[in-house]
Amino acid sequence: MESCNSFKYKVLFVCLGNICRSPAAQGAFQAIVDKNNAADRFYVDSAGTYGGHRGQLPDSRMRKAALARDYVLTHRSRPVEVTDFLDFDLVVAMDDSNYADLMHLAPSVEATRKIVKMADYLSSSEMTYIPDPYYSGADGFELVLDLLEDACANLYASFE
Ligand code: 4NP
């Protein structure tokens with residue numbers, strides 16, 4: 001991670017492949033940050049618990065669905081690393097499996113306290129995780145973006 005100590009808040013979104021949900025969360029959250037003229041206060045990134053898509057752009061289906069909402073996703077997939085727990089203030093898991101993997105990877109009790117679930121920021125308690133859209137149709141990607149926009153707005157508000 002490049003020097004980013006000047007940022008007040010550092011947020012890392014994490015899913016499995018870092019090609020669908022977490023880069024979309026990163027894009028949606030960064031858009032809210034930018035809209036609030038807070039780009040100098042927030043460092044936003046994303047990563048995957050599985051490194052098999054390392055270096056790849058987000059899935060083309062997610063890039064297309066996100067672009068229709070004005071999110072240009074240019075992140076390159078990377079695996080989450082132990083040092084992320086030192087570098088970031090908040091590590092946001094998309095589902096329970098991501099959460100469990102992160103809890104295992106966390107190097108200290110203090111680090112585990114940085115891990116939260118994205119669904120805990122949803123306005124409604126109907127969904128308890130952000131569903132993996134990889135094997136779904138276009139509607140799955142729209143659902144993920146709807147959920148992420150809602151959770152990102154509440155997550156951003158939690159910093160104020
Ligand atoms: P993501 O979606 O975790 O939201 O990036 C997936 C991407 C790739 C795979 C599964 C989920 N995969 O099995 O390769």
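Arg69, Glu142, Asp146 and Glu149 are tied into a network of salt bridges, a salt bridge being a side-chain nitrogen of Lys or Arg within 4 Å of a carboxyl oxygen of Asp or Glu. The model is a predicted one, in which local features need pLDDT of at least 70 and side-chain atom pairs count only at pLDDT 80 or more, while totals for chains, interfaces and linings use all residues. Residues are numbered from 1 along each chain as its sequence is written, and side-chain values use heavy atoms, with hydrogens and water left out.

Helices here are DSSP runs of H or I with at least four residues, strands are runs of E with at least two, and both are numbered from the N terminus. Glu149 counts as partly exposed, with a relative accessibility of 26%. On this scale, buried means under 20% relative accessible area, exposed means over 50%, and partly exposed is in between (1.4 Å probe, protein chains only).

The salt-bridge count comes to eight. Another of these links joins Asp84 and Arg78, with 3.0 Å between the closest N and O atoms. Asp84 is buried at 4% relative accessibility, and Arg78 is buried too, at 18%. Then there is Lys117, whose side chain meets that of Asp96 in a salt bridge (3.4 Å, N to O). Lys117 is in strand 4 (residues 115–117) and Asp96 in helix 4 (residues 96–105), so the pair ties together parts that are 21 residues apart in sequence. Lys117 is partly exposed, at 25% relative accessible area, and Asp96 is partly exposed at 41%.

Lys117 also turns up in the strand pairing, as the bridge partner of Ala93. Strand 3 and strand 4 run parallel and are joined by three bridges; two strands pair if DSSP finds at least two bridges between them. Strand 3 pairs with strand 1 (residues 9–15) as well, in the parallel sense and over four bridges. There, Val11 stands opposite Leu90 of strand 3. Strand 3 (residues 90–93) is covered on both faces, with Leu90 and Val92 buried on one side and Val91 and Ala93 buried on the other.

His104 gives a contrasting picture. This residue is in helix 4 and is exposed, with a relative accessible area of 72%. The C-alpha atoms of His104 and Asn36 are separated by 35 Å, the two residues being 68 apart along the chain.

Around it are Cys15, Leu16, Gly17, Asn18, Ile19, Cys20, Arg21, His53, Asp132, Tyr134 and Tyr135, each with a heavy atom within 4 Å of the ligand. This shell divides into six nonpolar, three polar and two charged residues. Here Ala, Val, Leu, Ile, Met, Phe, Trp, Tyr, Cys and Pro count as nonpolar, Asp, Glu, Lys and Arg as charged, and the others, Gly among them, as polar. A polar side-chain atom of His53 is 2.8 Å from an oxygen atom of the ligand. Polar backbone atoms come in as well: one of Gly17 is 2.9 Å from a ligand oxygen, and one of Leu16 is 3.0 Å from a ligand oxygen. The protein covers 90% of the 350 Å² of accessible area that the ligand has on its own, areas being computed by the Shrake-Rupley method with a 1.4 Å probe.

How values were computed. A polar contact is a pair of N or O atoms within 3.5 Å; within protein, one must be able to donate a hydrogen and the other to accept it, and residues adjacent in sequence count only if both atoms are side-chain atoms.
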